[in-house]
Amino acid sequence: MSNWAIYSIGFIAQFLFSSRLVVQWITSEKEKRVITPTLFWTLSMVASFLLFAYGYLRHDFAIMLGQAITYFIYIRNLQLQNEWQKFPSWLQWLLLLVPTFIIIYYFNNNRFDAVLLLKNEAIPLWLLILGIVSQVVFTMRFVYQWLYSERHSKSILPLGFWLLSLIGSILILTYAIIRKDPVLFLGHFLGAIIYTRNLMLLRKFNV
């Protein structure tokens, strides 16, 4: 696949990720508190699937790792908001199984795929470690959010989520600059601004 096609997939994914943040930000500004509309999780799910595909096409294990974990957390939040049940059954199964099949296929297809992802000459070991650590920190925000939401039986974006978001975003920005990845840079540059604003809203209204 040509580079322009690969980057197009990545930019569409980041556009959707950025759109979800803008939707969440505008909604929160209107309500004068930090809230998460259903559209936030729907856009997250679609964008995560696309960015996972982008990560594989770019032979970037760090990107794939982060998206493989958060994808199903997005679905769980839709379930907590009672929106997942509104999807047709065939679409629910499609969304659940297709990413799983892709992971199983690519990581069991042959040894070449695993070697290519973990030993990409364009990504030295130290940079791969930075990328993985960045993605783990960024991904843990949704693990934290998921556990927090399960405990309260509703979908919530608590203070810890936004703190982890900002820290992880700054780390990924560093990785993107070194990796010269415009997709990651543009997405997380805007994200860092919105994460900071949400922290300001939380502090202001003590929500």
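Trainee: Which residues lie nearest the centre of the largest cavity?
Mentor: In this predicted model, those are Phe17, Arg20, Phe138, Arg141 and His188, out of 21 lining residues.

Trainee: Nice. Which elements give two or more residues to that lining?
Mentor: Helices α1, α3, α6 and α8 do.

Trainee: And how does the lining divide into nonpolar, polar and charged?
Mentor: Ten of the lining residues are polar, nine are nonpolar and two are charged.

Trainee: What volume does the largest cavity have?
Mentor: About 190 Å³. The count of cavities of 30 Å³ or more comes to two.

Trainee: Switching to the largest nonpolar core: which residues touch the most other members?
Mentor: Trp41, Met45, Leu51, Trp84, Phe142 and Trp162, in a core of 44 residues.

Trainee: Which helices supply at least two residues each?
Mentor: That list is α1 (3–31), α2 (38–57), α3 (61–80), α6 (125–152), α7 and α8 (182–205). Helix α8 gives the most, with eight residues.

Trainee: OK, confidence next. Where is it lowest, and where highest?
Mentor: Helix α5 (residues 111–118) is lowest, with a mean pLDDT of 51, while helix α7 (residues 159–179) is highest at 90. Where pLDDT is low, the predicted coordinates should not be read in detail.

Trainee: And what does the chain average?
Mentor: The average pLDDT is 82, and 88% of the residues score at least 70.

Key. Residues are numbered from 1 along each chain as its sequence is written. This is a predicted model: local features need pLDDT of at least 70, side-chain atom pairs count only at pLDDT 80 or more; totals for chains, interfaces and linings use all residues. Side-chain values use heavy atoms; hydrogens and water are left out. pLDDT is the predictor's confidence in each residue, from 0 to 100. Helices (H or I, at least four residues) and strands (E, at least two) are DSSP runs, numbered from the N terminus. A nonpolar core is a set of buried Ala, Val, Leu, Ile, Met, Phe, Trp, Tyr and Cys residues joined through side-chain atoms within 4.5 Å. Buried means under 20% relative accessible area, exposed over 50%, partly exposed in between (1.4 Å probe, protein chains only). On a 1 Å grid over the protein atoms alone, a cavity is a set of points where a 1.4 Å probe fits but cannot get out, and a pocket is an open set with protein on both sides within 12 Å along at least five of seven lines; lining residues have an atom within 4 Å of a point. Grid points are joined across faces, edges and corners, and a volume is the space filled by probe spheres set on the points. Ala, Val, Leu, Ile, Met, Phe, Trp, Tyr, Cys and Pro count as nonpolar, Asp, Glu, Lys and Arg as charged, and the others, Gly among them, as polar.
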